[in-house]
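Have the viewer open while you read.

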Amino acid sequence: MVFINENFTRLEDSYLFSTIAKKRAAYQAAHPQAKVISLGIGDVTRPLCPAVIDAMTAAVADMGRAETFHGYGPEQGYDFLKQAIIEHDYQARGVEISPDEIFISDGSKSDTGNIGDILATANVVAIPDPVYPVYVDTNVMAGREIKMLPTDATGGFCAVPPAFHADVIYLCSPNNPTGTVLNRAQLAAWVAYAQREGALILFDAAYKAFIADDTLPSSIYEIPGAKDCAIEFCSFSKTAGFTGTRCAFTVVPKTLFGQTAAGEKVSLNALWNRRHTTKFNGTPYIVQRGAAAIYTPEGQRQVRETIAYYRENARLIKETLTELGFTCFGGEHSPYVWLQAPAGQTSWEFFDLLLEKLNVVGTPGSGFGPSGEGYFRLTAFGSHEQTAEAMQRFRQYFGK
Ligand code: MLT
């Protein structure tokens with residue numbers, strides 16, 4: 001028989017969101033009449049905006065004509081999309097990125113997981129707690145030593161550089177699940193740590209479109225020195241509704257280096273390019289045309305409208321829960337509201353209570369790490385109607 005990667009035996013049996021989906025399905029099967037509202041997984045519900053649909057439709061037509069047909073594209077993505085990203089996401093914020101530092105992909109989930117392919121197993125990895133479970137799970141799969149960086153309500157759930165050495169640090173800002181965002185000084189402290197320790201920061205900016213205050217950094221490269229120590233992951237999923245269509249990009253600056261055991265300096269950009277071209281054949285042309293359309297003036301306007309729609313849900317959730325006496329975080333620069341479960345309840349107990357008594361599905365905080373125990377995440381990605389209905393149920397159950 002074949003030998004398995006035994007690191008997998010050290011994982012929880014099931015990925016967090018699969019467990020939640022199973023529990024919800026089991027409840028629904030047992031209570032077919034229940035009108036369950038899902039504010040659990042952060043999946044968008046608003047359709048792709050008209051500018052994206054028009055661009056995709058035109059791209060479908062391109063694929064139907066020999067003169068404009070596209071087969072394999074460049075694995076790293078088409079220039080038309082990279083140029084739009086450079087101009088709007090970086091140059092507009094005073095950051096210089098070149099096209100060969102951008103890698104278009106099928107998602108930040110895949111990229112934040114796959115990036116480990118180019119990093120040695122011996123690296124010590126620091127991961128804020130609570131955070132998106134993919135970072136921990138993929139490093140467990142790889143057999144790396146993980147040191148958690150616990151965060152709590154007192155520190156606003158913001159991870160600060162530790163006293164110990166780490167080789168790789170994951171940061172997610174705005175954070176999934178707590179919704180808190182790192183300001184310039186907090187990010188600068190991380191860049192200084194990475195420079196001092198010779199560490200690599202893996203910066204997940206999947207939720208940057210939700211940053212409502214323009215003085216907050218939406219890219220780690222707004223911090224001087226970050227291009228020498230950070231890889232950045234961005235996604236069109238939450239920005240423009242691409243969770244089902246799949247499109248994201250990762251920036252690996254050419255000024256970023258790692259070393260071999262023998263001390264030889266190696267470009268991380270060259271390694272990621274080698275990995276990407278070997279294991280990935282490019283995001284579909286039609287999808288990249290759609291993604292590029294969000295950078296047109298109409299696309300920008302339409303995408304902002306959708307973000308405002310979700311932001312209104314986040315406001316309603318946070319306002320209602322705060323009024324009901326819950327302690328809440330996030331929701332301002334993030335589609336997630338992070339709340340403390342009623343005293344004495346674990347995250348999963350609160351999950352069961354909400355499912356059974358309110359027929360509302362959320363995400364237990366402990367699923368994002370031990371420091372999430374006793375907390376709970378609700379997403380603003382539902383419809384206005386469902387969000388309002390869920391809040392009504394909270395009022396009925398928890399109101400005085
Ligand atoms: C979440 O709910 O945390 C996200 O939707 C998961 C993801 O983006 O993969």
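## Sorting the shell

For the tally below, Ala, Val, Leu, Ile, Met, Phe, Trp, Tyr, Cys and Pro count as nonpolar, Asp, Glu, Lys and Arg as charged, and the others, Gly among them, as polar. Keep in mind that this is a predicted model.

With that sorting, the shell around the ligand splits into five nonpolar, two polar and three charged residues. Going through them by name, you'll find Phe-17, Ile-41, Gly-42, Lys-109, Tyr-132, Asn-176, Tyr-207, Lys-238, Tyr-336 and Arg-377 surrounding the ligand.

## Polar contacts and burial

Which side chains put an N or O atom at 2.5 Å, 2.9 Å or 2.7 Å from a ligand oxygen? Tyr-132 has the 2.5 Å pair, Lys-238 the 2.9 Å one, and Arg-377 sits at 2.7 Å. As for cover, the ligand on its own exposes 270 Å², and the protein buries 85% of that.

## Two domains

Where they meet, 30 residues of domain 1 are in contact with 38 residues of domain 2.

The ligand shell takes from both sides too: at least three of its residues come from domain 1 and at least three from domain 2.

Now for the packing. In soluble globular proteins, nonpolar side chains tend to be buried together. Here the largest nonpolar core has 58 residues, and Ile-201, Phe-236 and Phe-249 have the most contacts inside it. Each of domain 1 and domain 2 supplies at least three residues to this core. Another core, of 35 residues, lies apart from it and includes Val-36, Cys-328, Leu-339 and Met-391.

What does Phe-236 touch, leaving out residues up to four places away in sequence? Its partners are Leu-81, Ile-85, Gly-241, Phe-242, Cys-247, Ala-248, Phe-249, Ala-291, Ile-294 and Tyr-295. One of those partners, Phe-249, is also among the residues with the most contacts inside the largest core.

Note on methods
Residues are numbered from 1 along each chain as its sequence is written. This is a predicted model: local features need pLDDT of at least 70, side-chain atom pairs count only at pLDDT 80 or more; totals for chains, interfaces and linings use all residues. Side-chain values use heavy atoms; hydrogens and water are left out. A nonpolar core is a set of buried Ala, Val, Leu, Ile, Met, Phe, Trp, Tyr and Cys residues joined through side-chain atoms within 4.5 Å. Buried means under 20% relative accessible area, exposed over 50%, partly exposed in between (1.4 Å probe, protein chains only). Domain bounds come from an automatic or database domain assignment. Contact means heavy atoms within 4.5 Å. A residue is near a molecule or strand if one of its heavy atoms lies within 4 Å of it. A polar contact is a pair of N or O atoms within 3.5 Å; within protein, one must be able to donate a hydrogen and the other to accept it, and residues adjacent in sequence count only if both atoms are side-chain atoms. Accessible areas come from the Shrake-Rupley method with a 1.4 Å probe; for residues, only the protein chains shown count as cover.
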